[in-house]
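Me: I am new to this structure. Can you show me how to read it, one feature at a time?

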Amino acid sequence: MKEKLEQIRAKALEQITQMEDHEASAALEKLNDVRVNILGKKGELTAVLKGMKDVAPEDRPKVGQMVNDTRAEIEAALEKAKKKMERALREAAMKAEVIDVTLPAKKNTVGHRHPNFIVLEEVERIFVGMGYEVVEGPEIEKDYYNFEALNIPADHPAKDEQDTFYINGDILLRTQTSPVQVRTMEQKKPPIRMLAPGRVFRSDEVDATHSPSFHQIEGMVIDKGITFADLKGTLQEFAKELYGPKTKVKFRPHHFPFTEPSAEMDVSCFKCGGKGCRFCKGEGWIEILGCGMVHPKVLRMSGIDPEEYSGFAFGMGLERISLLKYEIDDMRLLYENDVRFLKQF
Ligand code: DAH
């Protein structure tokens, strides 16, 4: 019995040691075979235990002890070999996954803000600093808000189908951001100080200075006792903030149906300082916006009593300001999304 056990032990340990020369994953499988063949239900050591009934009763404890010792020794050897192989497998996997940090990295190109957006944020910053709130209105607008409520009569040339994208008789793509004035007055009680930037649409052919879709920034103030002096002071401050402290402004009488009186504002050419150059076409001045005192009819239609309140409004083309600021000579460049152009700003 003793020799038999010794034989099993020696065979098992030898098989286990041999295993260590095999490839780890195959060896792991074979280790399991060794376990089953020796320690399993039909294993060799189990067979020895079954033979205990033939051992003399007084020898049984001693033989039992020997069987247990042999079993423990083989189990320990199996466990040790298994751990070693698992470690080898892990190391092999890590080696296979290794990253070569010396390879040149992929170029990571980071985008940035569009010139139009840089200018919009600058304009917003200036007006928010003066207490204005930035609001939005719909791009698909009712004829009523785009024209009628702004005192633009039915037969006005601005309503011509040549200039406006109609969806049906009542609904159109807004041709200006001015309808947001009316929407804001309907929703809010004065005092109102609002800035409404957004996309507008006109049935124009594309060229260096026209696009069927462009952007405007609308502004409006309504309160008690607002005068044309407030309008001039505000827009002068704005121009100085945007183009520098030396900038001068000039107001020329103009006509808009929704303001009375109305004006266009020019700024002294920031290229030549007003002397006249190629940039300002020798004028010394550059027109940047339309403005005026909100027409009493418009106030009344929007539910505001013109006897109690007055206000001013202004509207400017965002693209025009971007083109001037960055000295870009073709508006189409702002829409083509050519990275070679955009990355210059
Ligand atoms: N909506 C006008 C346009 O598209 C611009 C404008 C002029 C807006 C005078 C105003 C304003 O608010 O007071 O030409």
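Predicted model: local features only at pLDDT ≥ 70, side-chain atom pairs only at ≥ 80, totals over all residues.

Me: Which side chain has an N or O atom 2.9 Å from a nitrogen atom of the ligand?
Reply: For a polar contact, look for N or O pairs within 3.5 Å. The side chain of Ser178 supplies the atom at 2.9 Å from that nitrogen. An N or O atom in the Gln181 side chain is 3.0 Å from an oxygen atom of the ligand. Phe314 uses its backbone instead: an N or O atom there lies 3.3 Å from a ligand oxygen.

Me: How much of the ligand does the protein bury?
Reply: Compare the ligand alone with the ligand in place. Alone, it exposes 360 Å², and the protein buries 89% of that.

Me: Now the whole chain. How many helices and strands are there?
Reply: The protein has 11 helices and 9 strands.

Me: Is the protein spread out or compact?
Reply: Check the radius of gyration against the globule rule. The protein has 43 Å, well over the 20 Å the rule gives for 345 residues, so it is more spread out than a compact globule. Its C-alpha trace spans about 125 × 45 × 40 Å along the principal axes.

Me: What share of the residues is buried?
Reply: Buried residues make up 40% of the 345.

Conventions
Residues numbered from 1 in each chain as written. Heavy atoms only, no water. Polar contact = N/O pair within 3.5 Å; in protein donor to acceptor, adjacent residues only side chain to side chain. Areas by Shrake-Rupley, 256 points an atom, 1.4 Å probe, with all protein chains shown as cover. Helix = DSSP H or I, 4+ residues; strand = E, 2+ residues; numbered from the N terminus. Rg over C-alpha atoms; globule rule 2.2 N^0.38 Å. Buried < 20%, exposed > 50% of the residue type's maximum accessible area, 1.4 Å probe, protein only.
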